[in-house]
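Here are my notes on the model, written as numbered points. Please read them with the structure open beside you.

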Amino acid sequence: PIGEKNLPEVNTIINSLFDSGNYHMIKLTKPDGEVIAERSINEVKIDTVPSWFVKSIEIDSPKGTSKIMKGWNIVATLSVTSSPSYAYELLYRNILRLASFLLGIFILLLAIMLVSLRAILKPLKRTQKQAEAIGLRELEIQEDIPEAPEVKAVVIAMNNMVTHLKSIFSLQAKCFEKLRKQLYKDDITGLSNHRYFIMRMDTLCEIKNEFIYGALFSIALNE
């Protein structure tokens, strides 16, 4: 049996094993449970892992026991518990890698979303400018038709409206030109008529910044 005289040697062996390995506890007990020698650490400290991470996650360390026999008799039991420091370090490193991977995926998805959103908003911006140009009587047709069905329908509707307005304005311009000729042109000679002459005279007489010299002769021809 392990007696008092063997304790210094036993403590030396246990301390040597504890310092040379990655252990959380090494304990030697008698068959009745009395502790002969023990070496352990109360708190796990890892330089590469923050303490809050160790405190927030509990990892059960692997344990092992071995019987020390002398002949057929059990003289002691050696209990060994490995240190969870490597497990904490490995888990923390994997979580950091996973977080970095998820952050990269998030940034990539955000970039794709921004590019897609810009691609969707670009034709809408052109549609806005097209609507503003209509207010200025500048009729423009969008040549680039977007692929998105909803935006595509809006762009096509605006183009159809612009085309319709062009035909209306063109018809109005032709009607206006026809009326102008009827008002200010003689049907037979194609020259300016008396109404045009009076209009021009009124315009000249309204000019106040200039003094116009000249003579005016009016000849009336009776049919």
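1. In helix α4 (149–184), Gln 182, Leu 183 and Tyr 184 meet Arg 195, Tyr 196 and Met 199 of α5. Contact here means heavy atoms within 4.5 Å. Helices (H or I, at least four residues) and strands (E, at least two) are DSSP runs, numbered from the N terminus.

2. Two packed helices are described by the angle between their axes and the distance between the axes. For α4 and α5 the angle is about 95° and the axes are 6 Å apart. The two helices are therefore roughly perpendicular to each other. Axes are lines fitted to C-alpha atoms, for helices over the stretch in contact, and angles run from 0 to 180 degrees between N-to-C directions. Angles under 35 degrees count as roughly parallel, over 145 as roughly antiparallel, 65 to 115 as roughly perpendicular and the rest as oblique.

3. This is a predicted model, in which local features need pLDDT of at least 70 and side-chain atom pairs count only at pLDDT 80 or more, while totals for chains, interfaces and linings use all residues. Residues are numbered from 1 along each chain as its sequence is written, and side-chain values use heavy atoms, with hydrogens and water left out. The mean pLDDT (the predictor's confidence in each residue, from 0 to 100) is 79 for the protein, and 92% of its residues reach 70 or more.

4. How far apart are the end C-alpha atoms of α3? They are 73 Å apart, which agrees with the 75 Å that its 51 residues should span at 1.5 Å a residue. The expected span is 1.5 Å times one less than the number of residues. For α4, 36 residues should span 52 Å, and the end C-alpha atoms are 52 Å apart, which agrees.

5. Buried means under 20% relative accessible area, exposed over 50%, and partly exposed in between (1.4 Å probe, protein chains only). The buried residues of α3 include Tyr 88, Tyr 92, Pro 123 and Ile 134. What covers the buried residues of α3 includes α2 (51–56) and α4. In α4, Val 151, Val 155 and Leu 165 are among the buried residues, and their cover includes α3. After α3 comes Arg 137, with a positive phi near 60°.

6. The open sheet has four strands in the order β2-β1-β4-β3, with antiparallel pairing. β2 (35–40) and β3 (63–70) are at the edges with a single partner strand each, so one side of each has no neighbour in the sheet. Two strands pair if DSSP finds at least two bridges between them. Six bridges link β1 (residues 23–29) and β4 (residues 73–82); Leu 28 stands opposite Leu 78, and Thr 29 opposite Thr 77.

7. β3 and β4 are joined by eight bridges, and Lys 63 stands opposite Thr 81. These strands form a hairpin with two residues between them, and Gly 71 in the turn has a positive phi of about 70°.

8. Is Ser 79 buried or exposed? At 16% relative accessibility, Ser 79 counts as buried. Ser 79 is found in strand β4, and its contacts, leaving aside neighbours within four places in sequence, are Met 25, Ile 26, Lys 27, Gly 64 and Thr 65. Glu 58, in the loop between α2 and β3, counts as exposed at 71%.
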